Amino acid sequence: MDNKYKVKLGISIGDTNGIGPEVVVKTLSDNRILNYCTPVIYGSAAILNKVRKALHSEHFNYQQVDSVQALSPRKVNLISCWDQDLEYTPGTPTPESGKASLDSLLAASRDLKAGFLDGLVTAPIDKDNIQSEEFQFPGHTEFLTSYFDAPESLMLLVSGDLRVATVTGHMPLKDVSDRITEQLLIRKLTILQQSLRNDFGILKPRIAVLGLNPHAGENGLLGTEDMEIIRPTIMQMKERGHLVFGPFPADGFFGMQQYRQVDAVLAMYHDQGLIPFKTLAFESGVNYTAGLPIVRTSPDHGTAYDIAAKHIANETSFREALFLACDIIRKRQLEANPAL
């Protein structure tokens, strides 16, 4: 690939005391990555050097640059996001590691918004210790949706042909039912359809919609939302010519592997979609934020403090997140300029 058009991919380091730095170093230790993109880590040399030394990773090398304008296209680049010698205590979340993860995310997001980067891969944050005046969101998805002025976004988990999205995200289960409306479902289905077409190249996507209640409400016996809100919305989408099916009882749908017959599944809430997804594809899964003007992916796991610094973290999900970001960015670039 011509360096002129090589993807410039920002990487926020995540919580420095979690496994983020480890999976970043392990992923970028394979120099073949540089054939696909120019990685830009937002973090600090001190943290990367400690992780590299602990992992005995001789193949991980980087160049420190002052700004994103000075990138070296054939190297891993590092932009320092904090000056102080940050205490590195793997496995223990601290206010300092939370602030470092926010500093990294903000710096990468600023460069992405300014057009200096083509996309962003985010390592896991701690949703508690990152909270501050500048970050009052349940997670990355909500922050990036606000930061990039998107009216709506969609959490889409991806592993090969398995794609699972959620109508509601990081919110208490007791609040989910009140959030499910015809308008919200149509907005989420529309984003999902557009992403499947534009980002994954599926011209006529088939989407399965899960019911909210057990057995999809059992005709109102176990809840009326499926009968009064979800089913009429699906019928409305069908009348518009869209291939949308359901509502399906979530347990039987995954148990009978019906997900293999569609291009994507829309779940009503976080755990309804993520539990089966992670059961099927935990090590290879990617979290993609659909509906944004920019491309953002992340691994589908968290900070994993319990294994931080044990050097056993699996980097597959992070590597897949990097590749998916490159694929979607390149697809968008080719769509905008077929001559590339």
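The C-alpha centres of domain 1 and domain 2 are 29 Å apart. Domain 1 covers 1-150 + 292-339 and domain 2 covers 153-285, with bounds from an automatic or database domain assignment.

On provenance: this is a predicted model, where local features need pLDDT of at least 70, side-chain atom pairs count only at pLDDT 80 or more, and totals for chains, interfaces and linings use all residues. Residues are numbered from 1 along each chain as its sequence is written, and side-chain values use heavy atoms, with hydrogens and water left out.

Now the contact, meaning heavy atoms within 4.5 Å. Domain 1 contributes 17 residues and domain 2 contributes 16 residues. The two domains bury about 1,300 Å² between them, 53% of it on carbon and sulfur atoms; buried area is the accessible area (1.4 Å probe) that two parts lose on being put together, summed over both. Of the area that domain 1 buries against domain 2, T141, D300 and K331 supply 38%, more than any other three residues.

Which residue forms a salt bridge with D199? That is R332, with the closest N and O atoms 3.0 Å apart. The rule (a side-chain nitrogen of Lys or Arg within 4 Å of a carboxyl oxygen of Asp or Glu) finds one salt bridge across the interface.

On the side of domain 1 that touches domain 2, helix 4 (140-147) and helix 10 (316-336) each supply at least two residues. Helix 10 gives the most, with seven residues. Helices here are DSSP runs (H or I, at least four residues), numbered from the N terminus.
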